[in-house]
Amino acid sequence: MLAAMITSFGGPHVFALDEVHEPVPGPDAAVVDVTLAGVNYADVARRRGVYEKPELPAILGADVVGHLRSDGRRVAALLRTGGGYAQVAAPLRRYAVDVPPGVTDEQALAVLEQGLTAWHCLQTLGRVGGDDLVVVTAGAGGVGHLAVQLARWAGARVVALASSESKRAYAVELGAHAAVDSNHPDLGTAVRQALGEAPTLVLDGVGGRTFEQLRAALAPFGRVVTYGEGGSGAVVAVEDLMTASTGVLGFRLQRVLDDEELYRSGAARLFHLAGRGLLRARIGGRYPLTAVSRAHADLESRRTSGKLVIDVRKLH
Ligand SMILES: NC(=O)c1ccc[n+]([C@@H]2O[C@H](COP(=O)([O-])OP(=O)(O)OC[C@H]3O[C@@H](n4cnc5c(N)ncnc54)[C@H](OP(=O)(O)O)[C@@H]3O)[C@@H](O)[C@H]2O)c1
């Protein structure tokens, strides 16, 4: 089979197309003939060797859609140890979920990893409600464009952050009441102005100063749910939380994957919403298997919105 491999860590250029053996599935794994593979921001960190450092040579890629070799069923699957940027993948059977007929391959891929993240950050941890004033960081991105819609669906008032005029317009088109430049030097003031009040719930996938400024801007009893890799370096003093009477919650998708029923019911719910057009999944870029480098460069340079997919059967 053909795969986009990395043999060293570094910039987007490290991918090279190679002919390699198909993966040999373990007893709990399935063989999937892949149609599309997803690109996730975490793959950028893995490619740089700064997150879940993979053993080299490696095939990155954490989500695929395709057909089970055993019976031809169309499934979407998450891959916890990579292997997505290839024509054949071997996900654990419990992570392969049937895609219903009304849902396209693109929609299934867009709402699985990123949709589960958006859902659990908003609902399970954030306990979003109609009275909430919500900030969604990277509001036009893979997780963010779904979170904006799900927050609106819950009846909340929503402000999205995004770095360009067109991304901000897109977030508003999705239902955000307002959009703020993510490069604004004082995000706290900017979101308070946009909402008319202090936010009660922040979804942060960016970290760093974005996390710090938005946490400081929270209304009393507000909470921030942090899920991006950039948030991991932040240190929060418990004393500060008590003084402000705010909360910081953290999310990792692995905790959902540890519970098969939670994972499958969540996937079914998201497919249901996508299939009925209630959750609009956007494909922000479609690339042949020979252009994984370009997909990574586009994602990293903040040019993209929505979900990026690799068509592994296309070579040009
Ligand atoms: N915890 C979990 O289990 C879990 C699961 C899935 C995803 N995630 C995390 O969720 C976040 C979003 O993932 P995604 O795949 O949906 O990516 P994405 O949102 O499509 O892309 C990342 C976005 O982050 C924004 N950004 C802010 N600062 C940036 C910087 N210095 N460099 C590049 N981009 C920057 C950009 O939006 P603007 O240009 O508009 O600011 C960019 O489009 C990532 O941090 C990812 O690791 C976590």
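1. Basis of the note. Because the model is predicted, local features are taken only at pLDDT of at least 70 and side-chain atom pairs only at pLDDT 80 or more, whereas totals for chains, interfaces and linings use all residues. Residues are numbered from 1 along each chain as its sequence is written, and side-chain values use heavy atoms, with hydrogens and water left out.

2. The six-stranded sheet. An open sheet of six strands runs in the order β10-β9-β8-β11-β12-β13, with parallel pairing; helices (H or I, at least four residues) and strands (E, at least two) are DSSP runs numbered from the N terminus, and two strands pair if DSSP finds at least two bridges between them. The edges are held by β10 (178-181) and β13 (247-250), each of which has a single partner strand, so one side of each is left without a neighbour in the sheet. From one strand to the next the twist averages 20°, with axes being lines fitted to C-alpha atoms, for helices over the stretch in contact, and angles running from 0 to 180 degrees between N-to-C directions.

3. One pairing in detail. Strand β8 (residues 133-136) and strand β9 (residues 157-162) are joined in the parallel sense over four bridges, and Leu133 has Arg157 as its bridge partner in β9.

4. Helices on the sheet. Helix α3 (residues 113-125) packs on the sheet and touches β8, β11 (201-204), β12 (223-226) and β13, where contact means heavy atoms within 4.5 Å; the direction of α3 makes about 155° with that of β11. Helix α5 (residues 165-174) also packs on the sheet, touching β9 and β10, and its direction makes about 155° with that of β10.

5. Aromatic pairs. Three aromatic pairs are found in a search of the whole structure, the criterion being that rings of Phe, Tyr and Trp (its six-membered ring) have centres within 6.5 Å, with planes under 30 degrees apart counted as stacked, over 60 as edge-to-face and the rest as tilted. One of them is the edge-to-face pair of Tyr95 and Tyr263, at 5.8 Å centre to centre and 75° between the planes. This pair links distant parts of the chain, since Tyr95 is in the loop between β6 (88-89) and β7 (96-98) while Tyr263 is in helix α10 (residues 260-275), 168 residues apart. Both Tyr95 and Tyr263 are buried (buried is under 20% relative accessible area, exposed over 50%, partly exposed in between, for a 1.4 Å probe and protein chains only).

6. The tryptophan pair. Trp119 and Trp153 have ring centres 6.2 Å apart and planes at 55°, so the pair is tilted. Trp119 lies in helix α3 and Trp153 in helix α4 (residues 144-153), so the pair ties together parts that are 34 residues apart in sequence. Trp119 counts as buried at 11% relative accessibility, whereas Trp153, with a relative accessible area of 48%, is partly exposed.

7. Helix α6. In α6 (residues 187-195) the buried residues include Leu187, Ala190, Val191 and Leu195. Seen down the axis, the buried residues of α6 fall within an arc of 165°, so they line one face of the helix; the arc is that of the directions from the helix axis to the C-beta atoms. Their cover includes β8, β9, β10 and α7 (208-217). Gly196, which follows α6, has a positive phi near 85°.

8. Helix α11. Val292, Ala295, His296, Asp298 and Leu299 are buried in α11 (residues 292-300). They cover an arc of only 165° around the axis, which puts them on the same side of α11. These buried residues pack against β1 (2-6), β2 (15-19), β3 (32-39), α1 (41-48), β14 (283-288) and β15 (307-311). Arg302, which follows α11, has a positive phi near 65°.

9. Backbone details to inspect. The peptide bond from Leu56 to Pro57 is cis, with omega near -5°, and Pro57 lies in the loop between α1 and β4 (63-68). Phe221, a residue other than glycine, has a positive phi near 75°; it is found in the loop between α7 and β12 and counts as exposed at 69% relative accessibility. Ser245 likewise is not a glycine and has a positive phi of about 55°; Ser245 sits in the loop between α8 (238-244) and β13 and, at 31% relative accessibility, counts as partly exposed.
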